[in-house]
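Please look over the sequence and structure below before reading the briefing that follows.

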Amino acid sequence: MSHEKQFATYNDVHNLCKESAGILKKFEPNLIIAIGGGGYIPARILRSFLKEPGQSNIPIQAIGLSLYEDLGKGEAEEAPGTKVTRTQWLDMSSLEMANLIGKNILIVDEVDDTRTTLAYAVTELEKDVEVARKQLGDDKKDLKNKETNFFIFVLHNKNKDKKGELSDDMLDKRYHAGINTGDVWICYPWEATNIEEHDLLAKGSPIVETKEPIIRTKKGIVQEEPSKVV
């Protein structure tokens, strides 16, 4: 990862959620799972834009996963670690997990960096749903046959080789990033202890969007598109 820092403001986050809502509505999500702590604020903003007139708000549940490690510099800076740690998870009671069966579930996080955290979340949630499905009684045969679909939304996708893997079907049909960026250090407003200073820094070092993702294969870069400031 580059040591170059780019700064996202609350307005940036709000507008990315607003601009992405039309695409995400096509997923028809009826449950949002926010990955803490970076997914909490985007998930809440998204819910306002996803709500249809006359319908109830989409429920939000939270899971906590940590891949990042404190650099020990006394600042709000972290670096990618090597192991995903669960800090919070869904209620594992059969009743709560059964509520995931047959749902379209939107997983929200702030950034797709190494993809390790997202891949872990999808894999573990899929396992939990299957366990809950097997625990259903014979009186819920109709529910047993209903498919659970997971979708992913991130504010920023870093164009880089990924360590975690998502299925081709998910990447093609059930994944959306607000914008694609280079492999830079993205500073989010909720990490700041001085929001005025953060916003000033954002004016000088805003997020730079790579309009189309850099396409990578096991052989390396096969296409790279020009970038622009957003």
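**Strand pairing and helix packing**

E5 and strand E6 (residues 149-158) run in the parallel sense and pair over eight bridges, where pairing requires that DSSP finds at least two bridges between two strands. This is a predicted model, in which local features need pLDDT of at least 70 and side-chain atom pairs count only at pLDDT 80 or more, while totals for chains, interfaces and linings use all residues. Residues are numbered from 1 along each chain as its sequence is written, and side-chain values use heavy atoms, with hydrogens and water left out.

**Strands**
- Helices (H or I, at least four residues) and strands (E, at least two) are DSSP runs, numbered from the N terminus.
- Strand E5 (residues 104-112) is mostly covered, with nine of its nine residues buried, that is, under 20% relative accessible area with a 1.4 Å probe and protein chains only, as against exposed at over 50% and partly exposed in between.
- Asp112 stands opposite Asn157 in E6.
- Strand E2 (residues 31-36) also pairs with E5 in the parallel sense, over four bridges, and Ala34 has Val108 in E5 as its bridge partner.

**Helices**
- Helix H4 (residues 116-135) has 20 residues and reaches 29 Å from its first C-alpha to its last, close to the 28 Å expected at 1.5 Å a residue, a span calculated as 1.5 Å times one less than the number of residues.
- Among the buried residues of H4 are Leu118, Val122, Leu125 and Val129.
- Residues of H1, including Tyr10, Val13 and Cys17, meet residues of H2, including Ile41, Ile45 and Phe49, contact meaning heavy atoms within 4.5 Å.
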